[in-house]
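Dear colleague,

Please find below the structure that I am handing over to you. My notes on it follow.

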Amino acid sequence: MNRPTIYQFTFEQLAAWLLERGHKKFRATQVWEWLYRKRVAEFAAMTDVHPTCIALLEENFVIETLTEHTKQVSADGTIKFLFNLSDGNLIETVLMRHKFGLSVCVTTQVGCNIGCSFCASGLLAKSRDLSSGEITEQIMKVQFHLDAAGQGERVSHIVVMGIGEPFDNYKNMSDFINTVKDHKGLAIGPRHITVSTSGLAGKIKEFADSDLNTNLAVSLHAPNDELRTFIMKINKAIPIAKLMDAIDYYLAKTNRRITFEYILLKDVNDQVEHAQELAALVDDRRDLVNVNLIPYNPVDEHSQYQRSTQESIRAFYDVLKKHNVSVSVRLEHGVDIDAACGQLRSKQIRAAK
Ligand code: SAH
Ligand code: SF4
């Protein structure tokens, strides 16, 4: 059995683990700073940590478990990393440059069981959840890359929008968030973190009740049940009314804005009447809702869908604006390197078959 990465612990978990083995809490603070502030890649480099503690850590954990398989750099500065997990599975992580900082898109599962018809990740059934350590390590790998470049750049934002459904791996996702938020370590503010879900209603309520306090994005993609079930089969189990009920609970509880993601598929969900229906759906919640329109990235040449035309994207946008709905069109990053969700990984896997 491979030793897991030490990144799997939140600070409290690390402190409790060390305490159970006779080490005082300050050891946890020291180790935490070496991991997330000084960012060493070996326990032996933690020079002020007592040797018995180093030996204990080495016996039970490693720091790095991901190995870089491929790295693609886009003309716009986006970098897409493809990593091998210790069991050989492939995942992807994307670094994007924005005016407001550097954001990283992380993967939470190997594949995805939600099975949305437009998504490359959903074409590959989930083979397993990532551990919280494997999710955190993606951020660390990108941060190591930035550290090596010597420009003093820091990962400032995180989007949990890579391969997988984060709310289907809730505990590990929430440990991950608590780890990257920690003030003694990476200290990435919760309002700089966005979790995207396909709409698991029960988990949206649990998230509302939690103290994670990050932003929430919900993949809506259609304004009525018939169309949404066609695009996302999860809608059969969790139809729009049930989803909206959970969203209303979240809004009432947190009073924070949410984002509805809406992928535009040519002649499927991108017509003016769909925009009108969408405006009516969000109407009562308009003050706390942003709609983010996502131009579709074809999965491959055999894709069932096509990208909407610029004219229909514009017309869709205008209808929402006219109804005073806050709306934006997602800026695309790394289009030249397949940077959409799951695309590089699925290409590699298909090429290997
Ligand atoms: N499972 C979660 C998070 C990962 S998917 C969810 O579905 O919300 C994150 C986003 O990537 C989703 O909103 C999805 O619409 C988008 N996405 C997936 N495949 C895409 C594609 N081929 N083109 C553009 N966006 C895509
Ligand atoms: Fe899974 Fe999200 Fe892709 Fe749907 S869009 S298959 S939920 S990763």
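**Glu165 and its surroundings**

In this predicted model, the side chain of Glu165 makes a polar contact with the backbone nitrogen of Phe167, at 3.0 Å (a pair of N or O atoms within 3.5 Å; within protein, one must be able to donate a hydrogen and the other to accept it, and residues adjacent in sequence count only if both atoms are side-chain atoms). Glu165 is located in the loop that links β7 to α5 (helices are DSSP runs of H or I with at least four residues, strands runs of E with at least two, numbered from the N terminus).

Glu165 is buried (under 20% relative accessible area, 1.4 Å probe, protein chains only). Beyond its neighbours within four places in sequence, its contacts (heavy atoms within 4.5 Å) include Thr108, Cys112, Ser196 and Leu200.

**The strands and the helix**

Strands β7 (residues 157–160) and β8 (residues 193–197) run parallel and are joined by three bridges; two strands pair if DSSP finds at least two bridges between them. Val160 is placed opposite Val195 of β8. Across both strands lies helix α5 (residues 170–181), at about 170° to β8 (axes are lines fitted to C-alpha atoms, for helices over the stretch in contact, with angles from 0 to 180 degrees between N-to-C directions).

**Conventions**

Residues are numbered from 1 along each chain as its sequence is written, and chains are lettered from A and ligands numbered from 1 in the order in which they are written. Local features need pLDDT of at least 70, side-chain atom pairs count only at pLDDT 80 or more, and totals for chains, interfaces and linings use all residues, while side-chain values use heavy atoms, without hydrogens and water.

With kind regards

Definitions and conventions: Buried means under 20% relative accessible area, exposed over 50%, partly exposed in between (1.4 Å probe, protein chains only). Lys and Arg count as positive and Asp and Glu as negative; His and the chain ends are not counted. A salt bridge is a side-chain nitrogen of Lys or Arg within 4 Å of a carboxyl oxygen of Asp or Glu.
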